[in-house]
Amino acid sequence: MKAIATFGVGACEPQLEYSLPTFKAFAKRHGYDLYKLDEIGKARHPMWYKIPLLIDLLKDYDEVLWLDSDVVIVDGRDDIPFPADYWQAMVFHHTGDGEVPNTGVWYLRKPMVEYLEIAWTKTQYLNSWWRDQSAIICQMGYVDKARPIYLGEPTELYNRTYQLDNNWNVHCWDVPIPDKPRIQHATMHENILGKMAEWYQQAKEWMNEVPD
């Protein structure tokens, strides 16, 4: 059993107008249940609250795919590859910040519960730029106290992380820019909603192939 999880609250809520229909079509095409939270906690930055959501879902599902509210699946004909020996899968971006594993498109299996629980306790990252992402990648062996970040001593979690092709999470600062986007990520774009509206129009081509 597998699920897709997401939410968009506050200033991010309008993003769901363009992202959520693509998530629904992807879920239907590839056999996922879809979960969208409408309310989250207030004690931390919203980014953090995907951690308890993923912990809860992994109690009932073998695999859970987290998708940020500002991503659009522009080509969802194929499912995301996730070989059996791995615990998580994500794209590793190559930008001026260094090699950055990105949890905006993040596929997880049950062994990740332990690491998610540890991530929640990493309060030193509560107000850092990457917040929950830093709390995960530090457990992989990355050192992100300064930029560019770097991989120190790889951990078991690092070795159990499947590196997705960058077309599964296209970041505008990637070098080089992926040439066959499957999921576009609007973070760092100047006009986020404008880009998402553009990508949503592109996504309609594959979405129209999904039966009602």
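Student: In which loop is P148 found?

Tutor: P148 is in the loop between β7 (142-143) and β8 (150-151), where helices (H or I, at least four residues) and strands (E, at least two) are DSSP runs numbered from the N terminus. Bear in mind that this is a predicted model, so local features need pLDDT of at least 70, side-chain atom pairs count only at pLDDT 80 or more, and totals for chains, interfaces and linings use all residues. Residues are numbered from 1 along each chain as its sequence is written, and side-chain values use heavy atoms, with hydrogens and water left out.

Two other loops have a non-glycine residue with positive phi. R131 has phi near 50° and sits between α3 (112-121) and α4 (132-140). It counts as buried because its relative accessibility is 16%; the cut-offs are under 20% for buried, over 50% for exposed, and partly exposed in between, with a 1.4 Å probe and protein chains only. M188 has phi near 75° and is partly exposed at 36%.

M188's loop runs between β10 (183-185) and α6 (192-207). α6 bends by about 25° at Q201, the bend being the angle between axes fitted to the seven residues ending there and the seven starting there. Its buried residues are M196, W199, Y200, A203, W206 and M207. Covering them, by contact (heavy atoms within 4.5 Å), are elements including α1 (16-30), β4 (71-73) and β10.
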